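Biologist: I would like to go through the terms behind this model. Please set each value against its cut-off.

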Amino acid sequence: MLSHEDNDLLCRVGPGTPGGTLMRRFWHPVCTSAQLPHPDCPPLRVRLLGEDYVAFRDTQGQVGFFEELCMHRGASLALGRVEEGGIRCLYHGWKFNAFGDVLETPNHADPKYAARMKAPAFSVHEEGGVVWAYVGPKEMQPAFSRYAFMDAEPDHRVVLRVNVACNYLQLVEGGEDSSHVGVLHTNMARPGWKDDEFTRNPDVVNPAALASNDLEPALKIEETAFGFHYVALRKTDDPKIRNARVVPFIVPYGRIIPAPAFQFTVLEVPEDDTHTSTYLIVHGDSPVTEEKIIELLGLDDPRYYDRKHSAFRATWADTFGQDRVLMKENWTGLRGVEVEDATIALSQGPLYERSREHLVPADQAVVRVRRVLLESVKRAMQNQQPAALGLDLSSVSACDAQLQEGTAWQDLLPSHRQTETA
Ligand code: FES
Ligand SMILES: [Fe+2]
């Protein structure tokens, strides 16, 4: 369990909170590149860490990221005109370029006035199909952290955003919880569960396609420069071989989940205390399509996923679409990995109070997430460097492999011990 005070410390991310202070030291995904599909396309409202912003792509393709409300008298720039190298407020026509320079102030034509002013624009970096911004203290801006998916061929990569109406930590904890995979995702993990027979799921893109039927994995955890990584060791038919699934936790909310032939990089970006934008980036050595991933995640039904607004839609209003008749054949009566994960996180409520839970050894990695984050919050509050900040993360990955007796699990991913500053 976690005390009420520590729960708040980790979950609350608004301006001035300890958790928000930690979060504001990092670069964050603010939208997918596809959400700003072409120069001068419509701008996008973005909620991040309890504050509102606007993102737009100018005539040259450069993305600008501003506070949402116009610096003149606060009209939303998300209603503005994006044209001729900038964004123009509808109210009195003030115009700004992507870097926040004030280009025109039609109701006050003195050019010296415009030259003195600067709109609240933030640093932007676009890479890997994702637009990232830094909204923290300017003097503390860290180097941009690269991930392995940024080096994948564009047609070997899919970027998906799913907005889920609950606190980010519920989604993070689900992702660092190996023991739920063989249970919650039973349909994919253990396709023969009804007949008590284990047949391996042959889908190489499915992260829930477990190689073993062991529901009580032994966990081992090791701290690293980016947070920690842990292994879930599951028994196999051969007593000399165990299945090893290694998953990293990257401060403050990142993980990489292995599928047989792909990696799923998942970033749980807090919009505010009770809303999260999950960025799922799938990459591998062979082509993969958005349609395939959307189907795998169970998001190919508009009742669950609104593609236009990247929103997870299921709620208690229809019991998350759960089908009790289907449950004779299907463990959850839901569909796909993300639908199951998001539904469980939503079922914990908008912001789960962890002082009432009952943990067991299988929850060790979840406990470690909290410990590492609490430590990082303390460091950020003391103006010290939290884990992962400014590191090159491109050699961080995950794996699901067979481990011979006598071999160290850490040797499966030796680069995790050498993650360097970017
Ligand atoms: S409020 Fe934007 S130009 Fe006046
Ligand atoms: Fe899951």
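Biologist: Which residue is the bridge partner of Val266 in β17?
Modeller: Leu280 is that partner. The model is predicted: local features need pLDDT of at least 70 and side-chain atom pairs 80 or more, while totals for chains, interfaces and linings use all residues. Side-chain values use heavy atoms, without hydrogens or water, residues are numbered from 1 along each chain as its sequence is written, and chains are lettered from A and ligands numbered from 1 in the order written.

Biologist: What makes β16 and β17 a pair?
Modeller: Two strands pair if DSSP finds at least two bridges between them. Strand β16 (residues 262–272) and β17 are joined by 10 bridges and run antiparallel. They form a hairpin with 2 residues between them.

Biologist: Which strand pairs with β11?
Modeller: β17 does, in the antiparallel sense over 8 bridges. There, Val162 stands opposite Thr278 in β17.

Biologist: Why is strand β17 called mostly covered?
Modeller: Of the 10 residues in β17 (275–284), 9 are buried. Buried means under 20% relative accessible area, exposed over 50%, and partly exposed in between (1.4 Å probe, protein chains only).

Biologist: Why is the site of the iron ion (ligand 2) called irregular?
Modeller: Its 4 donor atoms make angles of 57 to 152°. Tetrahedral needs all angles between 85 and 135 degrees; square planar (four donors) and octahedral (six) need opposite donors over 155 degrees apart and all others between 65 and 115; anything else is irregular. With 57° and 152° at the ends of the range, the site is therefore irregular.

Biologist: How do you know which atoms coordinate the iron ion (ligand 2)?
Modeller: Donors are N, O and S atoms within 2.8 Å of the metal (3.2 Å for Na, K and Ca); water is not among the atoms, so sites may look incomplete. His180 (NE2), His185 (NE2) and two OD entries of Asp341 coordinate the ion at 2.0 to 2.5 Å. Their spacing along the chain is H-x4-H-x155-D. His185, in the loop between α5 and α6, and Asp341, in helix α8, are 156 residues apart.

Biologist: Is His185 buried or exposed?
Modeller: His185 is at 3% relative accessibility, so it counts as buried. Asp341 is at 22%, so it counts as partly exposed.

Biologist: How many aromatic pairs does the structure hold?
Modeller: It holds 16. Rings of Phe, Tyr and Trp (its six-membered ring) pair if their centres lie within 6.5 Å; planes under 30 degrees apart are stacked, over 60 edge-to-face, the rest tilted. Trp27 and Tyr134 have centres 6.1 Å apart and planes at 50°, so this pair is tilted. It ties together parts that are 107 residues apart in sequence.

Biologist: Why are Trp132 and Tyr147 called stacked?
Modeller: Their planes are 15° apart and their centres 5.9 Å apart. Both residues are buried. Trp27, Trp132, Tyr134, Phe144, Tyr147 and Phe149 form one aromatic cluster.

Biologist: Why does Asn206 count as buried?
Modeller: Asn206 has a relative accessible area of 3%, so it is buried.

Note on methods. Helix = DSSP H or I, 4+ residues; strand = E, 2+ residues; numbered from the N terminus.
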